[in-house]
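Me: I have a model open and want to learn how to read its features. Can we go through them one at a time?

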Amino acid sequence: TLAPNAAFPAINLVVGVPADVPAGVEYVNTATVDGRTFERNPDDNTDTDSVITTVAADLAVAKTGPATVTAGGSVTWSVVVTNLGPSDSVATADDPITITDTLPLGVSDAVASSDGDVWDCDVAADPETPATTGGTLTCTYPSTLTPNQSAPAITIVADVAADVPPTDPQDPDTRLVNNVRVTPGLTFDPNDENDTADHPSDVET
């Protein structure tokens with residue numbers, strides 16, 4: 001029983017929206033009340049509210065590699081991109097997910113690969129340095145990542161120049177540091193704090 005001018009506690013209705021719903025879809029919800037007592041004014045017994053969907057997919061990039069590399073040897077890094085959701089991170093050939101990997105000076109002849117060759121990778125030399133040293137690795141991924149899905153890992157193998165000086169334990173700037181950044185395709189990324197990663201390695205001779 002509901003007394004005059006009284007109200008029942010509010011009912012909170014929480015529903016899920018599929019991750020692949022595009023932006024701009026309208027969801028309309030209608031509620032109707034009815035009771036046993038005669039209703040003099042049924043015109044206000046129904047109410048409707050609507051929401052318009054937006055999309056957002058938090059891409060995160062992680063980089064792993066060795067703690068120590070040897071001057072004159074080789075180095076292997078691994079890069080993994082993961083969609084943390086909540087929406088699909090939509091990408092196409094024209095608007096792919098892209099990673100940009102800044103190769104450190106003293107590294108040359110970098111080669112990138114992935115399972116199934118799903119990433120398209122290319123190395124561009126740094127115009128300020130010799131063509132075989134440093135540079136930028138760019139890889140594109142033309143497919144959609146669903147929430148909590150990771151793209152196949154990118155493996156980067158490069159040569160370390162024999163004349164790279166050993167790391168000074170008192171000077172972190174003498175380490176070999178590899179930086180990577182991920183940028184989304186068509187879906188907005190609401191969190192840029194996990195869009196970059198780096199991996200430092202000590203150099204030994």
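**Reading the contacts**

Me: Start with one residue. Which residues is Ile156 in contact with, leaving aside its neighbours within four places in sequence?
Reply: Contact means heavy atoms within 4.5 Å. On that rule Ile156 is in contact with Lys63, Val75, Thr76, Trp77, Val79, Asp101, Leu103, Ala110, Val111, Ala112 and Leu137.

Me: What should I know about the model itself?
Reply: It is a predicted model: local features need pLDDT of at least 70, side-chain atom pairs count only at pLDDT 80 or more, and totals for chains, interfaces and linings use all residues. Residues are numbered from 1 along each chain as its sequence is written, and side-chain values use heavy atoms, with hydrogens and water left out.

Me: How many residues has the largest nonpolar core?
Reply: In soluble globular proteins, nonpolar side chains tend to be buried together. A nonpolar core is a set of buried Ala, Val, Leu, Ile, Met, Phe, Trp, Tyr and Cys residues joined through side-chain atoms within 4.5 Å. Buried means under 20% relative accessible area, exposed over 50%, partly exposed in between (1.4 Å probe, protein chains only). Here the largest such core has 30 residues, and Val81, Ile97, Ile99, Trp119 and Ile156 have the most contacts inside it. Strands that each supply at least two residues of this core include β3 (57-64), β6 (97-103) and β10 (154-160). Strands (E, at least two residues) are DSSP runs, numbered from the N terminus, as are helices (H or I, at least four).

Me: Where is Ile97, and is it buried or exposed?
Reply: Ile97 sits in strand β6. Ile97 is buried, at a relative accessible area of 0%.

Me: Which cysteines form a disulfide?
Reply: A disulfide is a covalent bond between the sulfur atoms of two cysteines. The test is a pair of cysteine sulfur atoms within 2.5 Å. The count is one. Cys121 and Cys139 form the disulfide, with sulfur atoms 2.1 Å apart. The link of Cys121 and Cys139 is right-handed, with 115° about the S-S bond. Cys121 lies in strand β8 (residues 120-124) and Cys139 in strand β9, so the pair ties together parts 18 residues apart in sequence. Cys121 is partly exposed at 24%, whereas Cys139 is buried at 0%.

Me: Which residue forms a salt bridge with Lys63?
Reply: Side chains of opposite charge can pair when their charged atoms come close. The rule asks for a side-chain nitrogen of Lys or Arg within 4 Å of a carboxyl oxygen of Asp or Glu. Asp101 forms the bridge with Lys63, the closest N and O atoms being 2.8 Å apart. Asp101 is in strand β6 and Lys63 in strand β3, 38 residues apart. Both Asp101 and Lys63 are buried.
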